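Subject: Structure handover

Hello,

Here is the structure for you to take over. My notes on it follow below.

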Amino acid sequence: MVTLTVNGREQRFDGNPEMPLLWYLRDVLGLTGSKYGCGMALCGACTIHLDGVAMRACVTPVSAAQGRTVTTIEGLSADGSHPVQQAWTELNVAQCGYCQCGQIMQAASLLKDKPKPSDADIDAAMVGNLCRCGTYTRIRAAIHLAVEKTGGGA
């Protein structure tokens, strides 16, 4: 039995503890915001927070979340009011949108650790999150806008 907290709610899972966390979130809990991209932690579409740190859910077994806190895009804010989400909307960052949940989760994690990142900090943090539409310029602008909105305290 794996016990974990997902978006503020305690969950118990008695299935295969080696199941990728992404499948548990999507197929068992119905939290479909995190996407399946490459399945090898290379694209970042499945990015979630595990105890506040950005992780790739496609290669993280459910057992790794035992006793820990998982936050998905659905739990980042109940109404899309997180500063990163607001900046994304304000700058129309998403194009096809497939990777954007992972991008937002990675950006939120970056701003938690580094409230006023430089362009180099952003590039380093976001390098593992791929966008096939090439929205990288708008992603960087949205992260800077989120910093402005919070005064560097996102």
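Predicted model: local features only at pLDDT ≥ 70, side-chain atom pairs only at ≥ 80, totals over all residues.

Domain 1 brings 18 residues to the contact and domain 2 brings 13 residues. Nine residue pairs are in polar contact between domain 1 and domain 2, while the count of salt bridges between them is zero. On the side of domain 1 that touches domain 2, β3 (47-50) and β4 (53-56) each supply at least two residues. The residues of that side of domain 1 comprise eight nonpolar, seven polar and three charged.

Helix α3

Helix α3 covers residues 83-90, and its buried residues are Pro83, Val84, Gln85, Ala87 and Trp88. These buried residues pack against α2 (73-76), α4 (100-113) and α6 (136-150). Gln85 counts as buried because its relative accessibility is 11%, and the cut-off for buried is under 20%. Apart from its neighbours within four places in sequence, Gln85 is in contact with Ile73, Leu76, Ser77, Gly80 and Ile104. After α3 comes Asn92, which has a positive phi, near 50 degrees.

Salt bridges

The count of salt bridges comes to six. One of them joins the side chains of Glu10 and Arg12, at 3.0 Å from N to O. Arg12 is exposed, with 55% relative accessibility.

Another salt bridge joins the side chains of Asp119 and Arg140, at 3.6 Å from N to O. This pair links distant parts of the chain, with Asp119 in helix α5 (residues 119-126) and Arg140 in helix α6, 21 residues apart. Asp119 is partly exposed at 36% relative accessible area, and Arg140 is partly exposed at 29%.

Arg140 also forms a salt bridge with Asp123, where the closest N and O atoms are 2.8 Å apart. Asp123 lies in helix α5 and Arg140 in helix α6, so this pair ties together parts that are 17 residues apart in sequence. Asp123 is partly exposed, at 39% relative accessibility. Through shared partners, salt bridges join Asp119, Asp123 and Arg140 into one network.

Regards

Notes: Residues numbered from 1 in each chain as written. Heavy atoms only, no water. Buried < 20%, exposed > 50% of the residue type's maximum accessible area, 1.4 Å probe, protein only. Helix = DSSP H or I, 4+ residues; strand = E, 2+ residues; numbered from the N terminus. Contact = heavy atoms within 4.5 Å. Salt bridge = Lys/Arg side-chain N within 4 Å of Asp/Glu carboxyl O. Polar contact = N/O pair within 3.5 Å; in protein donor to acceptor, adjacent residues only side chain to side chain. Nonpolar A, V, L, I, M, F, W, Y, C, P; charged D, E, K, R; others polar.
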